[in-house]
Amino acid sequence: MTSGYAIVAVLVVALGAILVGTYGLRVSRTTSDFYVASRTVSPWWNASAIGGEYLSAASFVGIAGLIFAYGPDMLWFPVGYTAGYLVLLTMVAAPLRRSGAYTLPDFAEARFRSRVVRGVASVLALAIGWLYLLPQLQGAGLTLNTVTGAPNWVGALVVTVVVTVNVMAGGMRSITFVQAFQYWLKLTAITVPIVFLIVAWQVHGAKSLTEPKYPVFPAETRVTFSHQTVIHAEQSIFIEGTGEIDGTRVENVGFTLTDGYHRIGQGSEFTFPEGAPVPHMSTMDHNTNETWSLPMSSGADFPLYGAYSLIIATFLGTMGLPHVIVRFYTNPNGTAARRTTLIVLGLLSVFYLMPPMYGALGRLYTPELLMTGQTDAVVLVLPTRMIEGIGGQLLGALVAGGAFAAFLSTSSGLVVSLAGVLSQDVLRLGGVRGFRISTMLAGLVPLAMTFVATGMPVADMVGLAFAVAASSLCPLLMLGIWSSRITTIGAIAGMLAGGVPALTAGLVTMFTDTGDAWYEVLLSRPAAWTVPLGFTVMYVVSLLTQRHVPPGVQRTMVKLHAPENLGLDGAGASDERS
Amino acid sequence: MTTPPPPQKPTQRVVVTSPRTRAPRARRPYSGTREINEQSELGAVYMRTLIRAQRRLGLSVCLVTCGALGVLPLLFAIDPELGKVRVLGLGLPWFLLCVATFPMLLLAGWFYVRQAERSEREFAELVERP
């Protein structure tokens, strides 16, 4: 779907981000400006910024792709991403703000008065951030590949450069404005096209989305296989074109693809006839549109375990994401932090109504993506496929621009918070210069990682980052805020007991091919066993080491829980809060 | 500029009525704020009450909402026929997860914010009372 308009849209988004960033350069002067926007941000700005930052590649393209391929089980992604904010609101929003922490390691130190707890939290925050950046870059590669045909690494490189330069120039003050603007851009970019697409679907006769038939090619379709792919054909189909099937070279002649599994060589290009049932990748289940629309249709092993693990990871992981936490500091007080979070819940609820509709329409209009495996592209391809002529092209451009905005904003937020952690805890370089060096490092590491990662769906990768956050930093926050019995040793043990297995499982799934071993789901969805492990170890070890309760814990609890306006900061202890 | 009148020596006053109880009331004039800042036993009780109230509120809102969502996969696994029920033209899982969940989450969030702010107001009244 190479389209001039889409390229223009991507360029406009990238340039716009840089322009707003440069404007920020003139207003941000001090170190405090760089890190937290001097806390002059109102709840609506703040909530839009959180929304803009949070709606990542996974939300914009990933969710629709997964629903398109695997059905309603995947609806737990948008639900979990939103419900995570309810958990954040009810359990940590106000106390986290009142702790006065810039970053998660700051919170760890403020609560436990220990450099070691801080160090462990820093390493975990870095790992989670990088794990989360990787799918953003991969999504950017996919988008540029879909709209321009450029190789996948180009998109990743473009996003890294734009984000790094922007953050180095403006810091977080400009980022807050960029992010707030990006939420509304993303909402527009996903809502306007779907309205037109639904109208188009109605005009085409509103074909049922859940017929008991396999998805069929809506028209004669030419398909290029960019990787070697194993597909399963439901019926034999007569195809034409050039390429390799099951090791046999086919040159520009007709070929009958019998039903069953076939290996299609890289670079093959075939034309499939109109009305033929679409073969699908071997990793997907044999679903008609009717069975696809039912729960437990994804064909994964242990679907119930998978669903619960996903629920636990997304519900509890949100609070442990480094770029989400840093936003709470820009609220003036705990009450504003709560209100901001409530607005975020509303903003996310509106956005997440859209992706499932793209996924469902994709079954009718872009079923060949089930065969090539590029299911994440369904949002990008649908507009040009469903609406002919310039209208479709413009809508396609809007979606591409929105998707690019999603990669830019999430990556910016992550790079800012990771740079904060790097400069304060790892490199120990203060000031604006330290922040800039850290920014470079924060962007380059995940860029390097994109070259070795296996191509797994972006929403699944993001799910892994959530799982690590839920197993390590979530227990630290929840137990640290609500129990005064947690000890330094308990905190460290709990973070490691939950975080290390989750991280290992994530890395193994991302960088090796586990195939369909029975334990595969335990590694790709680790949260259901690592989260209870982290919580239990943290609490039990704390009870066993009660002599190591951090000093002044009562005073810390006053600071975390008492409303600010009462002047309850411990006896006359001066505080940097302004 | 007017110079303030020279401070007069305060009149000596003597309490002529005795308190009705025999117990000493020495700490009575302290406000809750001061109790907390000086980390007295009473201050700790004030704080523990606030933290317990907020923890109970947060956990109940969280558990009720997440619990309601959490039983859905189990229900769909126990009775697959539920997945075929249609509500407003959508399959039941689609209706619940795409449409019904979000207003419920918002409502729960709004309720929590209202209650949490109320309990903080009550706490403020309690500790600021002289």
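This is a predicted model: local features need pLDDT of at least 70, side-chain atom pairs count only at pLDDT 80 or more; totals for chains, interfaces and linings use all residues.

1. Chain A is divided into domain 1, which takes in residues 4-204 together with 293-548, and domain 2, which covers residues 221-277. Taken over C-alpha atoms, the centres of domain 1 of chain A and domain 2 of chain A are separated by 37 Å. Four residues from domain 1 of chain A and five residues from domain 2 of chain A make the contact, and on the domain 1 side these divide into one nonpolar, two polar and one charged.

2. How do helix 20 and helix 22 of chain A cross? The axes of helix 20 (residues 488-511) of chain A and helix 22 of chain A come within 7 Å and cross at roughly 165 degrees, which makes helix 20 of chain A roughly antiparallel to helix 22 of chain A, since an angle over 145 degrees is counted in that way. The crossing of helix 20 of chain A and helix 22 of chain A is right-handed. On the side of helix 20 of chain A, the residues that meet helix 22 of chain A include I489(A), G490(A), G494(A), G498(A), G499(A) and P501(A), while those of helix 22 of chain A include T530(A), L533(A), G534(A), V537(A), V541(A) and S542(A). The residues of this contact divide into twelve nonpolar, seven polar and no charged.

3. Helix 22 (residues 527-544) of chain A also packs with helix 11 (residues 303-317) of chain A, where the axes come within 8 Å and cross at roughly 50 degrees. Helix 11 of chain A and helix 22 of chain A are therefore oblique to each other. Helix 11 of chain A contributes Y305(A), Y308(A), S309(A), I312(A), A313(A) and L316(A) to the contact, and helix 22 of chain A contributes A527(A), A528(A) and V531(A). By class, the contact of helix 11 of chain A with helix 22 of chain A has eight nonpolar, one polar and no charged residues. V531(A) belongs to this contact, and V531(A) is also among the residues of helix 22 of chain A that meet helix 20 of chain A.

4. Helix 16 (residues 378-386) of chain A deserves a separate remark, because nine of its nine residues are buried, so it is largely enclosed by the rest of the structure. The buried residues of helix 16 of chain A include R385(A) and T384(A), as well as V378(A), V379(A), L380(A) and P383(A).

5. Is V159(A) buried or exposed? V159(A), which lies in helix 9 (residues 152-203) of chain A, is buried, with 29 other C-beta atoms within 10 Å. Leaving aside residues up to four places away in sequence, V159(A) touches Q136(A), L137(A), A140(A), F407(A), L408(A) and S411(A). The C-alpha atoms of V159(A) and A527(A), which are 368 residues apart along the chain, are separated by 30 Å.

6. Two residues around helix 8 of chain A may be checked together. R113(A) is placed in the loop between helix 7 (104-112) and helix 8 (115-148) of chain A, and R113(A) has a positive phi of about 50 degrees although it is not a glycine. Most residues other than glycine have a negative phi. R113(A) is partly exposed, with 15 other C-beta atoms within 10 Å. G119(A), which lies in helix 8 of chain A, is partly exposed, with 16 other C-beta atoms within 10 Å. G119(A) and F77(A) are 42 residues apart in sequence and, C-alpha to C-alpha, 31 Å apart in space.

7. Chain B has three helices and two strands, and read along the sequence these follow the pattern α-α-β-β-α. Of the 130 residues in chain B, 29% are buried. Among the contacts in chain B with a separation of 6 or more, 60% are accounted for by residues 24 or more positions apart.

8. Finally, the two chains meet through 40 residues of chain A and 43 residues of chain B. On the side of chain A that touches chain B, the elements giving two or more residues are helix 5 (76-91), helix 11, helix 13 (334-351) and helix 23 (553-561) of chain A. Helix 5 of chain A gives the most, with eight residues. By class, this side of chain A has 28 nonpolar, ten polar and two charged residues.

Definitions and conventions: Residues are numbered from 1 along each chain as its sequence is written. Chains are lettered from A and ligands numbered from 1 in the order in which they are written. Axes are lines fitted to C-alpha atoms, for helices over the stretch in contact, and angles run from 0 to 180 degrees between N-to-C directions. Helices (H or I, at least four residues) and strands (E, at least two) are DSSP runs, numbered from the N terminus. Angles under 35 degrees count as roughly parallel, over 145 as roughly antiparallel, 65 to 115 as roughly perpendicular and the rest as oblique. Two residues are in contact if their C-beta atoms, placed from the backbone, lie within 7 Å. Ala, Val, Leu, Ile, Met, Phe, Trp, Tyr, Cys and Pro count as nonpolar, Asp, Glu, Lys and Arg as charged, and the others, Gly among them, as polar. A crossing is left-handed if the near helix is turned anticlockwise from the far one by less than a right angle, and right-handed if clockwise. A residue is buried if 20 or more other C-beta atoms lie within 10 Å of its own, exposed if 12 or fewer, and partly exposed in between; C-beta atoms are placed from the backbone. Domain bounds come from an automatic or database domain assignment.
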